[in-house]
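Dear colleague,

I am handing over the structure we spoke about, and I would be grateful if you could look through it alongside the notes below.

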Amino acid sequence: MAVKVLAAPGPVSYPLVVAEDRANISLEFSKEGSADAVADSVVSLIRRGLRVDYVTVRELMTVYPELRGPRVGVWRRGSAADVLVRAAMDMYGVRASLVYADEWQQLYRMLSSGEVDSAVLSIAMVNRRPTLEAMVGAPGACGVSVLNADALGYVREAYELGVNMMRRDPEASADLIASRLPIRVPRDFVLGIIRSAEYFFRPAEDVGFTRLVMKYLGNA
């Protein structure tokens, strides 16, 4: 019987999508229901009261052209981008109002039109360092909570297989991912994530990050 993994339909799921046909996992895009493991953004896992056991993706978001006000564009209120940029604003003493968008591409248009002065963008759109995660000392952008210890080996194997497959053939991997996600995501956006983000499967080191996230979740 395949190990069941609940996953958010974002970058955290990409290796699992690619590896699903070759690994002993059953992938379900949902935030509800029972499962052996859950894959989501680190912020979302913490919000859901789940332990972040493994970090799997790093370097997903950046602030372009730099973190500055008076208006900062952000993807969705309460999102990981929202939580982390507010933490960064406090850390770096930036006073600004946040302007929210419903999709990543809209943020770029808002920035180009002057509606906002800076924006949190996906690394697929602007490959710029340092990333937002690095600015706030986050251990990573996405992670996995393992709810069934017996499933760990299968989840790790599937994730590492998917990462290797994406590295070997990013073009074919992007085609597959874009065709299987339950939401419409441009194939070139997926490809940009594969080529720019850092994928791995490593034990999480909290270093106070959960406490930081909980502080800003209260205002999300």
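This is a predicted model: local features need pLDDT of at least 70, side-chain atom pairs count only at pLDDT 80 or more; totals for chains, interfaces and linings use all residues.

Residues are numbered from 1 along each chain as its sequence is written, and side-chain values use heavy atoms, with hydrogens and water left out.

The protein chain holds nine helices and ten strands (DSSP runs numbered from the N terminus, helices being H or I with at least four residues and strands E with at least two). Its C-alpha trace spans about 55 × 35 × 25 Å along the principal axes. The radius of gyration of the protein chain is 17 Å, in agreement with the value near 17 Å for a compact globule of 220 residues (taken over C-alpha atoms, with the globule rule being 2.2 Å times the number of residues to the power 0.38). Of the 220 residues, 51% are buried (buried means under 20% relative accessible area, exposed over 50% and partly exposed in between, with a 1.4 Å probe and protein chains only).

Four strands form an open sheet of mixed pairing, in the order 5-8-6-7, where two strands pair if DSSP finds at least two bridges between them. Strand 5 (61-64) and strand 7 (97-101) each have a single partner strand, so one side of each is left without a neighbour in the sheet. Strand 6 (residues 71-75) runs parallel to strand 7 and is joined to it by five bridges, and Val74 stands opposite Tyr100 in strand 7.

Helix 6 (residues 152-168) has 17 residues and reaches 24 Å from its first C-alpha to its last, close to the 24 Å expected at 1.5 Å a residue (the expected span being 1.5 Å times one less than the number of residues). Its buried residues are Val155, Ala158, Tyr159, Gly162, Val163, Met165 and Met166. They lie on the same side of helix 6, because they cover an arc of only 165° around the axis, the arc being that of the directions from the helix axis to the C-beta atoms. The face turned away from this buried side carries the exposed residues Glu157, Arg167 and Arg168.
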